Amino acid sequence: QVQLVESGGGLVQAGGSLRLSCAASRSIFSIYDMAWYRQAPGKQRELVASITRGGITNYVDSVKGRFTISRDNAKSTMYLQMNSLNPEDTAVYYCNLPTRPYLYWGQGTQVTVSS
């Protein structure tokens, strides 16, 4: 059952920007807090940013000041604006709930930052 669809990734030079999108059903966005995760090859998936239904945000220290998470509940879409990207941001980015139980994981969207 597909519940989350990530998009917006791509190849960008260090210092550049990307905006990721996460589309979900209206029922999800009307109820749940949401989060962005990323997983680099050989590494565990990590939570990057989260946002409550009411718009309260939190970020992992490594992206604080560079990334901005937002949501448009009317469009059932969450965003991750990524600025000042560096090669360490290279990963597959996923969206899901910030806590268990998770929804089904989507395929994610690849972000590659060249140096």
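## Terms and model

Strands (E, at least two residues) are DSSP runs numbered from the N terminus, and two strands pair if DSSP finds at least two bridges between them. The model is predicted: local features need pLDDT of at least 70, side-chain atom pairs count only at pLDDT 80 or more, and totals for chains, interfaces and linings use all residues. Residues are numbered from 1 along each chain as its sequence is written, and side-chain values use heavy atoms, with hydrogens and water left out.

## Strand 8 and its partners

Strand 7 (residues 67-72) runs antiparallel to strand 8, and six bridges join them. Thr-68 has Gln-81 of strand 8 as its bridge partner. The two strands, strand 7 and strand 8, form a hairpin with four residues between them, and Ser-76 in the turn has a positive phi of about 50°.

Strand 3 (residues 18-24) also pairs with strand 8 in the antiparallel sense, over six bridges. Here Ala-23 is bridged to Thr-77. Five of the six residues of strand 8 (residues 77-82) are buried, where buried means under 20% relative accessible area, exposed over 50% and partly exposed in between (1.4 Å probe, protein chains only).

## Thr-90

Thr-90 lies in the loop between strand 8 and strand 9 (91-96). Thr-90 counts as partly exposed because its relative accessibility is 21%. Beyond residues up to four places away in sequence, Thr-90 touches Ala-40, Gln-110, Val-111, Thr-112 and Val-113; contact means heavy atoms within 4.5 Å.

A polar atom of the Thr-90 side chain lies 3.0 Å from the backbone oxygen of Pro-87. A polar atom of that side chain of Thr-90 also lies 3.0 Å from the backbone nitrogen of Val-113.

Note on methods. Polar contact = N/O pair within 3.5 Å; in protein donor to acceptor, adjacent residues only side chain to side chain.
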